[in-house]
Amino acid sequence: MRYIEIEALPNGAHRNQETESVLSLEGWAVIPEELEIPESFPFVDISAESGMVTSMSAREVPEPEPEPEPEGDIWDELAEAIRSGVNGID
Amino acid sequence: MQDRVPTYPGRVRLTPVTGQEGVYDMERADEPTQAGTPINKATLLTDAAAAAVEAAAGENSPPSLPSQALAMLAAAISELNGKAVQMETGEYTGTGTYGSANPCTLTFSFQPSIVIIAQMVDTGAETHNVPIIYKWGDATMAVRCERKTSSPPYTYDYNVNVASTSGKTLEWYAASGSFAYYQANISSKRYVYIALAPV
């Protein structure tokens, strides 16, 4: 079964979980199998009644969050400095 | 099984046996509206069921009574304690959020000992989470991201706070000012999980 938290996160997404187990999740609702899931999932607008999602529609997916950038590696920098002939620091 | 539903509970018909004084044939005369399931070998312990119990319990002879079959099964189950595992699988789709105000959450039907979370690798993605192994009760969960376009692939390790391990729900969050990547919650990416515990 597929579960979705009824209240959306600040960015419009909904926390969600799919499992074969039957769970009792307060504030969440079950997505019926026959309900079409928009491609934007989990960025959706939903209506729910008595623990079941009754409608689901797509909403705009925000721009992907920036990826973490590798931090400078001091050993790589040292190796590069040695290769370039640096043998002292002014 | 079904109960017998009599119109006249306990009523029987006695017919004298010819030539045998004081001897009667007895038949039910309760006029049931539902005959009910008979109590006999076929309904209590068939040969096939007895053989299955013998095999499952590792015995050398089949049980001859239902009570023996139950005792064999109880002993077999008892021996499984600590040797068998219960398992639950599932998935979630990342929401792209992170931080203590937006933790990830997974709920299980039992309290796991170990939870393994893995991102379904997306060929188009530059950075992805490598599988996470979380031991229930630990205060943190180690998350590793791998940036495959770096050579060798650059990895980031991050200790994620576990907000709650009570009951059957696991919540975790990366510190504010970090990334959804560190929370294993990349926007729109599929994560699968497996939860394990001894029986």
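Of the 199 residues in chain B, 34% count as buried. Buried here means under 20% relative accessible area; exposed means over 50%, and partly exposed falls in between, with a 1.4 Å probe and protein chains only.

Before going on, some ground rules. This is a predicted model: local features need pLDDT of at least 70, side-chain atom pairs count only at pLDDT 80 or more, and totals for chains, interfaces and linings use all residues. Residues are numbered from 1 along each chain as its sequence is written, chains are lettered from A and ligands numbered from 1 in the order in which they are written, and side-chain values use heavy atoms, with hydrogens and water left out.

Confidence next. The complex gets an ipTM of 0.79 and a pTM of 0.68 from the predictor. Chain B has a mean pLDDT of 90, with 97% of its residues at 70 or more. That score is the predictor's confidence in each residue, on a scale from 0 to 100.

Back to chain B as a whole. It has three helices and 13 strands. Those are DSSP runs numbered from the N terminus: helices are H or I with at least four residues, strands are E with at least two. Now contacts, meaning heavy atoms within 4.5 Å. Take the contacts in chain B between residues at least 6 apart in sequence: 55% join residues at least 24 apart. The accessible surface of chain B is about 11,400 Å², and carbon and sulfur atoms hold 54% of that. Areas come from the Shrake-Rupley method with a 1.4 Å probe; for residues, only the protein chains shown count as cover.

Chain A now. It has one helix and five strands. Along the sequence the order is β-β-β-β-β-α. Chain A has 90 residues, and 34% of them are buried. For its contacts between residues at least 6 apart in sequence, 31% join residues at least 24 apart. Chain A exposes about 6,200 Å², with 50% supplied by carbon and sulfur atoms.

Let's walk into the loop between strand 3 and strand 4 of chain A. A:Ile37 sits there. What does A:Ile37 touch, not counting residues up to four places away in sequence? A:Arg2, A:Ile31 and A:Met56. A:Ile37 counts as partly exposed because its relative accessibility is 28%. It is 18 residues from A:Ser55 in sequence, and 9.8 Å from A:Ser55 in space, C-alpha to C-alpha.

A:Pro42 is in that loop too, between strand 3 (28–31) and strand 4 (44–49). Look at the bond into it. From A:Phe41 to A:Pro42 the peptide is cis, with omega near 10°.

Next loop along: strand 4 to strand 5 (52–58) of chain A, where we find A:Ser50. Its phi is near 50°, positive in a residue other than glycine. Most residues other than glycine have a negative phi, and most peptide bonds are trans. Is A:Ser50 buried or exposed? Exposed, because its relative accessibility is 76%.

Chain B has a positive phi to show as well. B:Ser188 is not a glycine, and its phi is about 65°. Find it in the loop between strand 12 (169–173) and strand 13 (190–198) of chain B. At 35% relative accessibility, B:Ser188 is partly exposed.

One more residue in chain B. B:Thr155 belongs to strand 11, residues 154–164. Its relative accessible area is 31%, so B:Thr155 is partly exposed. Beyond its neighbours within four places in sequence, B:Thr155 contacts B:Arg144, B:Cys145 and B:Glu146. B:Thr127 is 28 residues from B:Thr155 in sequence, with 9.1 Å between their C-alpha atoms.

Last topic: cavities. How many cavities of 30 Å³ or more does the structure hold? One. A cavity is a set of points, on a 1 Å grid over the protein atoms alone, where a 1.4 Å probe fits but cannot get out; lining residues have an atom within 4 Å of a point. The largest cavity has a volume of about 70 Å³. Volume is the space filled by probe spheres set on the points, which are joined across faces, edges and corners.

Who lines it? Chain A gives A:Arg15 and A:Asn16. From chain B the lining includes B:Tyr92, B:Thr93, B:Cys104, B:Thr105 and B:Asn185. Strand 5 (85–93) and strand 6 (104–107) of chain B are the elements giving two or more residues to this lining. By type, the lining splits into three nonpolar, six polar and one charged. Nonpolar covers Ala, Val, Leu, Ile, Met, Phe, Trp, Tyr, Cys and Pro; charged covers Asp, Glu, Lys and Arg; the others, Gly among them, are polar.

Methods: On a 1 Å grid over the protein atoms alone, a cavity is a set of points where a 1.4 Å probe fits but cannot get out, and a pocket is an open set with protein on both sides within 12 Å along at least five of seven lines; lining residues have an atom within 4 Å of a point.
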